[in-house]
Amino acid sequence: MSKTQQPTASLDEVDLEILAALSARADTTNKALAQQLGLAESTCAHRVRSLRDRGIIRDVRIRLDEAALGFGLQAIIKVRLANHTEAKVTALFDALVAIPRVLQVFHVAGVDDFLVHVAVRDATALRDIVLEHITVHSVVRGTETQLVFEIRDGSGLLPV
């Protein structure tokens, strides 16, 4: 599917219902999903497989409690670049996602070029990420770090 193609064009109402149900509860078994939506199990399994094959369902992940694992301090590190060549941006993006304790990296437009979401044990570990993994890249002009007090999920793409 191209980046400009509208994914809903190839999705029918049943596909959207499957996606909404799995978005709310990704660990739902095929049997439970089929029952919930009034589908035959084989039909449901085929539809989910098709959604995966088409790249509409990209992956299924568990969510961890970072604090329970000892990584209770979260932050967003804003990264600004000195220059923007495709090769340098791509290389930095690859380097940022490979840093230990990085949860997500966003390549964004505006004053900042990247937002790096991290979970760490303490302020020292946060400083170390900035100094040892981010500002060491010659393309990085500067960083700004913001502490995260709380995170809440949004309503998502599809109504539940």
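In what order do the four strands of the open sheet stand? The order is β2-β3-β1-β4, and the pairing is antiparallel; two strands count as paired if DSSP finds at least two bridges between them. This is a predicted model, in which local features need pLDDT of at least 70 and side-chain atom pairs count only at pLDDT 80 or more, while totals for chains, interfaces and linings use all residues. Residues are numbered from 1 along each chain as its sequence is written, and side-chain values use heavy atoms, with hydrogens and water left out.

**Overall architecture**

- The protein has five helices and four strands, where helices (H or I, at least four residues) and strands (E, at least two) are DSSP runs numbered from the N terminus.
- Along the sequence, these elements follow the pattern α-α-α-β-α-β-β-α-β.
- The C-alpha trace spans about 55 × 40 × 20 Å along its principal axes.
- Of the 160 residues, 27% are buried; buried means under 20% relative accessible area, exposed over 50%, and partly exposed in between (1.4 Å probe, protein chains only).
- Taking contacts between residues at least 6 apart in sequence, 64% join residues at least 24 apart; contact means heavy atoms within 4.5 Å.

- β1 (residues 73–81) and β4 run antiparallel and are joined by eight bridges; L81 has V140 in β4 as its bridge partner.
- Seven bridges connect β1 with β3, again antiparallel, and Q74 has A119 in β3 as its bridge partner.
- The antiparallel pairing of β2 with β3 extends over five bridges; V102 stands opposite V118 in β3, and F106 stands opposite L115 in β3.

- Helix α5 (residues 123–134) lies across β1, β3 and β4 and runs at about 25 degrees to β1.
- For these angles, axes are lines fitted to C-alpha atoms, for helices over the stretch in contact, and angles run from 0 to 180 degrees between N-to-C directions.

**Nonpolar cores**

- In soluble globular proteins, nonpolar side chains tend to be buried together.
- A nonpolar core is here a set of buried Ala, Val, Leu, Ile, Met, Phe, Trp, Tyr and Cys residues joined through side-chain atoms within 4.5 Å.
- The largest such core holds 20 residues, of which I77, V79 and V118 touch the most other members.
- At least two residues of this core come from each of β1, α4, β2, β3 and α5.
- A second, separate core has eleven residues, including L22, A34, V48 and L51.
- Not counting residues up to four places away in sequence, V79 touches L92, D112, D113, F114, V116, I134, V140, G142 and T143.

**Strand β3 and V116**

- Six of the seven residues of β3 are buried, so this strand is largely enclosed by the rest of the structure.
- V116 lies in β3 and counts as buried, because its relative accessibility is 0%.
- With neighbours within four places in sequence left aside, V116 is in contact with A75, I76, I77, V79, L96, V102, Q104 and V105.
- The C-alpha atoms of V116 and V97 are 8.4 Å from each other, with the residues 19 apart along the chain.

**Backbone angles**

- Most residues other than glycine have a negative phi.
- R101 is not a glycine, yet has a positive phi of about 80 degrees.
- R101 is in the loop between α4 and β2, and its relative accessibility of 43% means that R101 counts as partly exposed.
- The hairpin of β2 and β3 has six residues between the strands, and G110 in this hairpin takes a positive phi near 120 degrees.
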